[in-house]
Amino acid sequence: MRVYLDNSATTAVAPEVIDAMLPFFADEPGNAGSVHSFGQRAKAAVETSRRQVAALIGAAPAEIVFTSGGTEADNIAVRGTAEAHREHGRHLITTAIEHPAVLATCEALERDGYRVTYLPVSGAALVSVDDVRRAIEHDTTLISVMHANNETGTIQPIEEIAQVVADARAAGHTHLHFHTDAVQSVGKVPVDVARLGVDLLSIAAHKIHGPKGVGALYVRKGTRLAKLTYGGHQERDRRAGTENVAGIVGLGRAAELARLELDERMARMRRLRDHLETQVKSRISGVRLNGDLARRVPSVSNMSFEGLDGESLLIALDLRGVAVSTGSACASGAHEPSHVLRALGLSREEIRGSLRLSVGAYTTREEIDYAVDVLVETVARSREMQPSDAL
Amino acid sequence: MYSEQITEHLAHPRNVGEVENPSGVGDVTNEVCLDRIRLSIRIDHHVVTEAKIKAQGCPPTIAAASVLTELIIGRSVEDLGNLGKKEIVAALGRLPAAKMHCAALAVDALRAALADSRS
């Protein structure tokens, strides 16, 4: 049996999404920028997709910018805002547990002369709203806080931070913007840009059973962004380059399915994830669940196995057909543990023994039962191998 | 990422356990990453006749410990004095440069077990 429990890394493309995409590889070769009928049909397909993505997050279609994925969306949001408003300030605020697409962009901006505050998180992986409020300086132009964390699934208090942003604007910080990376939350929990109160929000198609290589950035009407790529005037002059028509159509269909099936998918994933955790906790000793267990997306479980090495478990599980991921990879003898789990205050051993298991919309109960059986046996065998006086 | 030999040893580690009444035991830990190998051996007439391991750590450490037992059973103590990490790496196909210390740990376990048998 093959069981894919790494849906936080990427997901299988839904059959309906493949069907929607296929015509745009050969039968409909048009460039959405062309005047002829081929081009106009491609353009119409892109605009349908724009409405589908907008509907998923409660935005207006004109506020959706298609990108090559979550990473590009994050880059445009962070650098695009920083550069567009640099005459008003050069300070940004983010958190220690962001995706590298945000963190590395912030680090690059630091090399360009910007200042960045990296907020810590609690042991439950939560950012403190008060910390955000205190970090705002007279020249802060952007706050970027992810909606759900990729390793633990913890959902951050985005609405409360948006209130802090609104208060700051009312007090004169008119150039302050708020971005959230919602790559791990869209399709897993309700995401509504008005309710969240954000100016910018990143999405990736391949996390919601769409294709890889396409994503979107929500840009609230009236938000000024600098350009990162130069070329044509696609995407209202915000993202140059011929539209990835088939990919965009796939994202649109995946967004539509995610919207229509959201309640059902959430309930299903939660049932399966909770079943997985209950079984693991009752059948394996020395297991710790990581992150805030109440505030998290229903698809992710992050757990540490006392005394064991995550990568050894991962490979042993993979040999029996079960795919998971680990937050810890050991390089040159010194562990380079996950920056997220480190920020949570986990010990070196807990980080080392951590695995992330993530279900998708199509995971079945039988798959979870098989994965648990394999996990129980793998952990038992690994522990038998340990010296008897080991932890 | 890892060779077939490494994953195969991880799936089916050889000679797991402790030799009863061993001639020598080598129990070594890499203090940086805390990987550990415990090797117990029986020596009869200057030849290793039995070898068992316990190990914890990353995949190459477990594979190196496992393959070590295969490499040493049936060989003379004198011959084993020349066993180095190159032989471990060769038996595992290849090892990423950053994981060479795992082969070194297996060699350390052997040296410690041989030293223990002499004392």
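## Two crossing helices in chain B

Axes are lines fitted to C-alpha atoms, for helices over the stretch in contact, and the angles between N-to-C directions run from 0 to 180 degrees. In this predicted model, the axes of helix 1 and helix 2 of chain B cross at roughly 80° and come within 8 Å. Angles of 65 to 115 degrees count as roughly perpendicular, so helix 1 of chain B is roughly perpendicular to helix 2 of chain B.

On the side of helix 1 of chain B, the residues that meet helix 2 of chain B are B:I6, B:H9 and B:L10. Their counterparts in helix 2 of chain B are B:P59, B:P60, B:I62, B:A63, B:S66 and B:V67. By class, this contact has 7 nonpolar and 2 polar residues, with no charged residues.

## A loop residue in chain B

B:G17 is placed in the loop between helix 1 and strand 1 (24-29) of chain B. Is B:G17 buried or exposed? It counts as exposed, because it has 11 C-beta neighbours inside 10 Å, and the limit for an exposed residue is 12 or fewer. Although B:G17 and B:K54 are 37 residues apart along the chain, their C-alpha atoms are separated by 5.9 Å.

## The sheet of chain A

Strands of a sheet pair through backbone hydrogen bonds, either parallel or antiparallel. Chain A holds an open sheet of 7 strands with mixed pairing, in the order 2-8-7-6-5-3-4. Strand 2 (64-67) and strand 4 (115-119) of chain A each have a single partner strand, so these edge strands have one side without a neighbour in the sheet. From one strand to the next, the twist averages 20°.

Strand 2 of chain A pairs with strand 8 (residues 215-219) of chain A in the antiparallel sense, over 4 bridges. Within this pair, A:V65 has A:L217 in strand 8 of chain A as its bridge partner.

## Helices against the sheet

Helix 3 (residues 70-84) of chain A packs on the sheet, and the strands it touches include strand 2, strand 7 and strand 8 of chain A. The direction of helix 3 makes about 160° with that of strand 7 of chain A. Helix 4 (residues 100-111) of chain A lies across strand 3, strand 4, strand 5 and strand 6 of chain A, and runs at about 150° to strand 3 of chain A.

## Where the chains meet

The contact between the chains takes 18 residues from chain A and 20 residues from chain B. On the chain B side, the elements giving two or more residues are helix 1 (4-11), strand 2 (36-44), strand 3 (47-56) and helix 2 (59-72). The residues of this side comprise 11 nonpolar, 5 polar and 4 charged.

How values were computed. Residues are numbered from 1 along each chain as its sequence is written. Chains are lettered from A and ligands numbered from 1 in the order in which they are written. This is a predicted model: local features need pLDDT of at least 70, side-chain atom pairs count only at pLDDT 80 or more; totals for chains, interfaces and linings use all residues. Two residues are in contact if their C-beta atoms, placed from the backbone, lie within 7 Å. Ala, Val, Leu, Ile, Met, Phe, Trp, Tyr, Cys and Pro count as nonpolar, Asp, Glu, Lys and Arg as charged, and the others, Gly among them, as polar. A residue is buried if 20 or more other C-beta atoms lie within 10 Å of its own, exposed if 12 or fewer, and partly exposed in between; C-beta atoms are placed from the backbone. Two strands pair if DSSP finds at least two bridges between them. Angles under 35 degrees count as roughly parallel, over 145 as roughly antiparallel, 65 to 115 as roughly perpendicular and the rest as oblique.
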